[in-house]
Amino acid sequence: MGRTATAGVVRHLVAGAVIALASLAPFALAGGAGAAALSTPAPTPTTPDVAHAAGLPAPSLGPAPALPAPGTCNNGPSCCPSTTPGVRFAGNLVYGTDNALHQTLVLSAYLPTNVTGPVPGIVLVHGGDFVHGAQCSFSPEAPALAAAGIAAFSIDYPLATSTTATSVEAPADVQLAVQWVRTYAADLGTDPARLALWGESAGATLAVDAAEGAVLGDPAARVSAVVGWSGQYDLVTASFLTAVSNPTEYQGGTEFLGCSNVDDPSCFATAVAADPLARVARGDPPALLATSTDYVSGCELVNPQSTLTLAQSYREHGVPVTVETTSACAHALAYAGDPISPPGTGTMEQNTIAWLQGQFAAPSPPLAPAPLPPRITTGSIVTTPSTCPPAPGAGVSYQANQVYGSDFGHPTFLDVYRPQSSSGPVPAVVLVHGGGHVKGDKCGLQAQAVALAQDGFAVFNVNYPLATASQPTFPNPVYDVMDAVAWVRSHASQVGVDPSRIALFGGSAGGNLSLSAAFAAPLIDPAAKVTAVADWSGTSDVLSLVDQYQAVQPGFQVSSTGWATYLGCSDPQSTTWNPSSNACLTDYLEASPALLEDPAPAGPGTEPAVLAAGSTDFTGTGSCEIVPVIEGEEVVDRATVDGVPATLDTNTLCAHAFAYAPAELPATTAFLARELGLTLPQGYRLVASDGGVFSFGDAAFHGSTGALTLNAPIVGMAATPDGGGYWLVASDGGVFSFGDAAFHGSTGALHLNAPIVGMAATPDGGGYWLVASDGGVFSFGDAAFHGSTGALVLNKPIVGMAATPDGGGYWLVASDGGVFSFGDAAFHGSTGALVLNKPIVGIAATPDGGGYWLVASDGGVFSFGDAAFHGSTGALVLNKPIVGIAATPDGGGYWLVASDGGVFSFGDAAFHGSAGALVLNKPIVGGAA
């Protein structure tokens with residue numbers, strides 16, 4: 001018999017569910033249909049605007065300005081200030097062409113005549129809900145700017161209609177206006193190094209978006225400062241399009257975006273791409289944000305908390321920001337002449353002009369980023385130790401309750417799981433449990449820690465302080481997770497890890513903490529930076545989460561959730577200017593890691609690669625998935641806009657976070673291995689009809705029936721999830737177990753109508769199914785019976801079966817390629833309608849259950865669903881027929897095996913050897929990876 005090295009395949013192990021909204025727990029996680037679906041990682045764009053533009057033609061620059069004689073108006077619109085002293089006006093100057101919309105772009109210029117030398121310039125962007133308005137909106141303010149020594153350029157830009165969305169073109173045209181002023185600075189008498197943007201209402205959204213986009217991808221459009229009056233800066237909340245609190249609000253939002261339902265993934269991605277919050281970065285120019293605090297119908301039309309949200313995001317990234325308010329019953333330019341709120345003096349317009357003059361004279365320097373508030377240093381919470389060693393023989397070393405730091409006056413602990421077989425430094429994964437920030441323990445993730453260690457990672461499973469009704473803990477657990485990463489890095493030589501290859505992985509509340517720590521670390525703690533972060537069902541935007549629940553449960557109160565306990569406040573949203581709510585809003589924003597993503601250029605601040613997973617089975621009632629998948633979409637969409645590699649992995653299971661581990665762990669393990677540069681263990685075993693087992697690569701040999709006299713020949717095998725054992729099955733239904741494969745029963749004592757032809761194991765190894773050639777299915781252990789074809793008249797006999805990743809279903813395949821699906825196994829197609837050269841002999845499922853491969857005896861491979869075709873032996877002359885197929889753990893390849901033991905590898909399936917050179921007592925009948 002063959003021999004092997006260490007065991008190692010991707011394991012599927014289920015842990016208890018962890019709940020993000022703790023007050024909604026406990027919920028029964030009922031079984032449900034589902035299969036994981038892995039999206040392709042988004043390519044890193046050259047600039048965020050390249051990704052934003054989605055292939056649309058860029059606008060082109062207009063000609064040099066033809067300025068009229070001083071004191072005249074050339075082609076001037078009605079806003080020509082012919083009587084304003086010290087101002088030279090030029091109307092309808094062409095600053096470019098919007099090539100996507102075939103529109104000529106014009107502006108009005110207000111040039112100072114009472115100063116000498118190049119003067120600073122500002123591009124003015126009018127409002128109008130994205131659907132109306134014109135360059136003359138700034139007719140009172142533009143002459144005032146020019147009189148103050150600032151050249152003002154009030155622009156028109158494409159307006160949205162019911163048939164024309166402008167969320168891509170309008171910001172690009174605003175950038176083009178800045179480029180035009182810079183290009184023709186000598187003609188205009190302006191200083192190209194001192195340019196700014198000022199937008200009001202919808203124009204504020206565009207001005208801020210253009211300023212941020214220029215920092216990331218267009219140096220010619222960069223500005224020294226940006227002003228936003230009454231802007232809507234968060235386009236991804238439900239209120240942007242529905243305007244529940246104010247029916248007159250954002251009526252042009254649907255036209256601007258070209259869609260009306262942000263719950264739709266495509267519309268949501270469009271909203272994120274146009275969202276100024278998505279691209280806040282450390283290099284952004286200083287900002288002045290203004291709003292009225294009188295948010296009632298007819299007064300301020302945009303909730304002033306939108307201004308607070310952007311201001312907070314700027315502070316988190318170290319961007320200088322000033323917020324000015326007025327109590328006037330007015331919106332945007334309507335409050336220009338109103339006084340600012342005490343202790344300031346003067347009007348809003350006067351203060352804005354003074355602020356701009358100050359920035360042009362001496363720009364505010366960047367600040368230290370502050371993505372989190374300071375730690376809480378009062379109170380006392382004990383973080384309890386817990387011990388959960390791996391099972392004997394798991395091949396994993398274990399160190400319990402290592403002290404990685406302290407918090408609330410007590411030590412914090414982590415467990416170390418390390419592959420025993422590894423030599424030299426290995427990549428590390430810091431694992432973070434969930435529980436709504438109020439409960440949970442690292443031992444709840446013991447199974448995942450062991451599985452990852454068996455795959456070659458060193459795993460550090462952490463505990464952190466849990467919030468109580470009397471003691472909120474935010475932001476301390478985020479700092480604790482960063483402390484754990486820093487501890488691993490500083491102890492790298494002692495624990496045998498590579499300090500340059502560390503990832504974070506958490507679920508539910510742990511997903512939120514993992515994302516928060518991963519995105520905050522580049523801003524404030526280089527010692528805690530990670531290469532990659534994986535998040536299962538973690539909340540990335542707490543206010544968006546509240547929106548989702550309120551849509552399902554009218555009257556839903558965040559005060560009933562673990563977030564209120566964790567953050568210590570429950571009133572983040574207000575329609576009035578409320579200091580208490582505004583402070584609470586800041587807490588909720590700081591606990592939302594999607595807002596911490598920083599599209600910094602490559603270098604010391606590079607963001608980690610992101611994988612976000614979740615179930616699409618969100619009900620909002622506390623059953624199934626309790627964190628909507630839109631939370632994962634947001635973090636991935638923002639990462640994509642930022643140019644950060646990002647992957648969204650979804651399933652349809654009635655489960656939350658680590659409760660769907662069987663469906664998601666293979667893809668997550670493959671993601672972590674790819675990002676951390678780890679080659680996952682690979683190997684396979686072949687079995688002959690006399691029960692002889694041959695093992696290759698990392699597949700361990702645990703025994704065989706080769707020395708026994710069998711009543712019936714062996715026809716198939718299945719391996720345990722951890723690779724520590726396997727079962728063989730004979731045609732009479734006799735089952736033989738080896739290694740850690742437990743015996744759960746057999747059909748050996750039954751009189752079968754047709755012989756057994758194959759078997760499949762449950763994801764946790766606690767059971768298995770046998771299938772007969774007539775399609776009869778027999779279930780043992782925890783393998784649930786989902787149905788069979790036993791009552792059907794089949795055209796051809798069944799020849800094999802494959803189970804879904806969660807064990808909630810299976811597929812049967814007949815020799816004519818007909819596929820029969822049961823339970824949560826989705827039907828993806830078959831070869832039943834084809835005329836085959838040779839019969840089908842086997843089936844293998846992709847790791848996420850979203851597809852499968854069929855193989856014929858001549859080596860022809862047929863792929864369905866998300867199963868990629870990697871090749872076949874169909875063009876080869878085979879010595880012996882193919883008898884089976886097995887897939888690699890990540891689904892990136894497969895092996896075919898022939899009856900003489902020849903093995904053929906495709907895709908990322910490495911060739912580890914074959915029995916082809918041996919003289920076999922009996923033919924090979926199958927194998928298992």
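## Basis of the model and a buried threonine

Contact here means heavy atoms within 4.5 Å, and by that criterion, with residues up to four places away in sequence not counted, Thr325 touches Thr291, Thr293, Ile340, Ser341, Met348 and Trp577. The model is a predicted one, in which local features need pLDDT of at least 70 and side-chain atom pairs count only at pLDDT 80 or more, while totals for chains, interfaces and linings use all residues. Residues are numbered from 1 along each chain as its sequence is written, and side-chain values use heavy atoms, with hydrogens and water left out.

Thr325 lies in strand β10, residues 321–326, where strands (E, at least two residues) and helices (H or I, at least four) are DSSP runs numbered from the N terminus. Thr325 is buried because its relative accessible area is 14%, the term buried meaning under 20%, exposed over 50% and partly exposed in between, with a 1.4 Å probe and protein chains only.

## Two helix pairs

Helix α9 (residues 305–316) and helix α17 (residues 579–590) pack at an angle of about 50°, with their axes 10 Å apart; the axes are lines fitted to C-alpha atoms, for helices over the stretch in contact, and angles run from 0 to 180 degrees between N-to-C directions. That angle makes α9 oblique to α17, given that angles under 35 degrees count as roughly parallel, over 145 as roughly antiparallel, 65 to 115 as roughly perpendicular and the rest as oblique. In this pair, Gln305, Leu308, Thr309, Gln312 and Glu316 of α9 meet Ser581, Asn582, Leu585, Thr586, Leu589 and Glu590 of α17. By class, this contact of α9 with α17 has 3 nonpolar, 6 polar and 2 charged residues, where Ala, Val, Leu, Ile, Met, Phe, Trp, Tyr, Cys and Pro count as nonpolar, Asp, Glu, Lys and Arg as charged, and the others, Gly among them, as polar.

Helix α3 (residues 169–183) and helix α5 (residues 202–217) pack at about 70°, with their axes 9 Å apart, which makes α3 roughly perpendicular to α5. Ala170, Pro171, Val174 and Gln175 of α3 make the contact with Leu206, Asp209, Ala210, Gly213 and Ala214 of α5, and these residues divide into 6 nonpolar, 2 polar and 1 charged.

## Covered helices and their ends

Helix α14 (residues 509–524) has 16 residues and reaches 22 Å from its first C-alpha to its last, close to the 22 Å expected at 1.5 Å a residue, the expected span being 1.5 Å times one less than the number of residues. Of the 16 residues in α14, 15 are buried. Ser508 lies in the loop between β15 (497–507) and α14, and has a positive phi near 60° although Ser508 is a residue other than glycine; at a relative accessible area of 0%, Ser508 is buried.

Helix α19 (residues 661–676) is also mostly covered, with 14 of its 16 residues buried, and just after α19 Gly677 takes a positive phi of about 70°.

## Loops and cis peptide bonds

The loop between β14 (458–462) and α12 (476–490) holds Thr473 as well as Pro475, and the peptide bond from Phe474 to Pro475 is cis, with omega near 10°. Thr473 counts as buried because its relative accessibility is 0%; leaving aside neighbours within four places in sequence, Thr473 is in contact with Ile376, Ile381, Phe408, Pro465, Leu466, Ala467 and Tyr566.

A cis peptide bond also joins Pro342 and Pro343, with omega about 10°, and Pro343 lies in the loop between β10 and α10 (348–361).
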